[in-house]
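Subject: Structure for you to look at

Hello,

Here is the structure I promised to pass on. Please open it first, then read my notes below with the model on screen.

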Amino acid sequence: MEFRCIDGLKWELFEELLPKLLYMQNEEREDDFFHVLKERGQNIVYEILRQLCEEDQAECPYEADAFSVSCFSRASLHFIQMNLPPYNPSINDIVRAYIVYSDETEPLYFLIKHFKEGETFILYVTSDFQVLKADELTRHEEDRNFEYWKLAVNYLTIYKDIHAEESESKEDSGRDWQQVDWMSVREKIQRNEKEIGLTEEEYQEFLQWYACNYREIYDQTVLYLAFKEGKEADPMQQ
């Protein structure tokens with residue numbers, strides 16, 4: 001069986017396999033890839049590399065200390081940095097890989113890749129495994145702080161765009177609340193019927209829609225309820 005070339009091995013692990021392990025993690029498991037990588041990154045990366053070599057019935061061309069994994073923070077963002085062995089300048093080769101996240105947001109996967117034409121780019125690997133050029137580092141290859149700053153800027157920009165798309169999709173998939181027969185709902189409530197044509201989850205969705213589209217009236221209603229009950233009474237917080 002033909003063995004993967006060394007350069008192809010790095011590409012397969014860091015550009016294909018690791019992002020899949022990250023994005024396909026099971027949030028209910030404490031031993032998923034993201035948490036394991038934070039706790040024992042260097043060992044787990046090397047173990048995966050060895051398994052790839054075993055599939056080809058070949059010896060691993062690297063030692064365990066050829067890869068280093070470190071965790072650190074910059075302001076509100078956290079970084080898992082994976083350093084690779086020296087890159088091959090005659091090919092498009094990966095220099096480093098990063099997972100960037102915050103306490104409130106999901107992790108995103110980035111690569112630092114040197115291209116044989118002499119350019120160095122930050123690449124963003126999307127959750128559907130597309131590899132996109134995010135930013136250029138060509139004139140700042142030795143400035144690691146600049147690299148961290150650029151990663152942070154791209155992370156925040158990309159995450160903001162993802163969040164906006166998810167919010168837009170959520171709004172598009174919801175009901176047309178202007179067409180709801182509220183008179184019928186009210187009559188069913190007055191008759192103490194169990195099925196009123198509106199679930200509690202849908203009512204919460206309606207409140208969110210109403211707060212976004214009629215903020216002033218919504219705030220006045222919440223204020224009225226607060227005075228009436230003698231306490232804060234925002235239905236969306238209950």
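First, a definition. A charge sits over a ring if NZ of Lys or CZ of Arg is within 6 Å of the ring centre and within 35 degrees of the ring normal. With that in hand, look at lysine 20. It lies over the face of phenylalanine 129, at 5.7 Å from the ring centre. Lysine 133 does the like with phenylalanine 115: its charged end sits over that ring, 4.8 Å from the centre.

Please keep in mind that this is a predicted model.

**The chain as a whole**

The chain has 6 helices and 6 strands. Along the sequence, the pattern reads α-α-β-β-β-β-β-β-α-α-α-α. Of its 238 residues, 37% count as buried. The chain exposes about 15400 Å², and carbon and sulfur atoms supply 47% of that area. Residues 24 or more positions apart account for 47% of them.

**The sheet**

The 6 strands form an open sheet in the order E1-E2-E3-E4-E5-E6, with antiparallel pairing. Which strands are at the edges? They are E1 (68–74) and E6 (131–136), and each pairs on one side only. On average, neighbouring strands are turned by 25° against each other, direction ignored.

Helix H2 (residues 33–55) packs on this sheet. H2 touches E1, E2 and strand E3 (93–102). Its direction makes about 145° with that of E1.

E1 and E2 (residues 77–83) pair in the antiparallel sense over 7 bridges. One place to look is arginine 74, whose bridge partner in E2 is leucine 77.

Most residues other than glycine have a negative phi. Two residues here are worth a look.

Alanine 75 is in the loop between E1 and E2. Its phi is positive, about 55°, although it is not a glycine. Is alanine 75 buried or exposed? Its relative accessibility is 86%, so it counts as exposed.

Phenylalanine 129 is in the loop between strand E5 (120–125) and E6. Its phi is near 70°, again a positive value in a residue other than glycine. With a relative accessible area of 32%, phenylalanine 129 is partly exposed.

**Aromatic rings**

A pair of aromatic rings is described by the distance of the centres and the angle of the planes. How many aromatic pairs does the structure hold? There are 13.

One of them brings us back to phenylalanine 129, which pairs with tyrosine 23. The centres are 6.5 Å apart, the planes make 50°, and the pair is tilted. Tyrosine 23 is in helix H1 (residues 6–23), so this pair links distant parts of the chain, 106 residues apart.Phenylalanine 79 and tyrosine 98 form an edge-to-face pair, 6.4 Å centre to centre with 80° between the planes. Phenylalanine 79 lies in E2 and tyrosine 98 in E3, so the pair ties together parts that are 19 residues apart in sequence. Both residues are buried. They also belong to one aromatic cluster, formed by Phe72, Phe79, Tyr98 and Tyr148.

Best wishes

Technical notes. Residues numbered from 1 in each chain as written. Predicted model: local features only at pLDDT ≥ 70, side-chain atom pairs only at ≥ 80, totals over all residues. Heavy atoms only, no water. Pairing = 2+ DSSP bridges. Helix = DSSP H or I, 4+ residues; strand = E, 2+ residues; numbered from the N terminus. Axes fitted to C-alpha atoms, helices over the stretch in contact; angles between N-to-C directions. Contact = heavy atoms within 4.5 Å. Buried < 20%, exposed > 50% of the residue type's maximum accessible area, 1.4 Å probe, protein only. Areas by Shrake-Rupley, 256 points an atom, 1.4 Å probe, with all protein chains shown as cover. Phe/Tyr/Trp six-rings, centres within 6.5 Å; stacked < 30°, edge-to-face > 60°.
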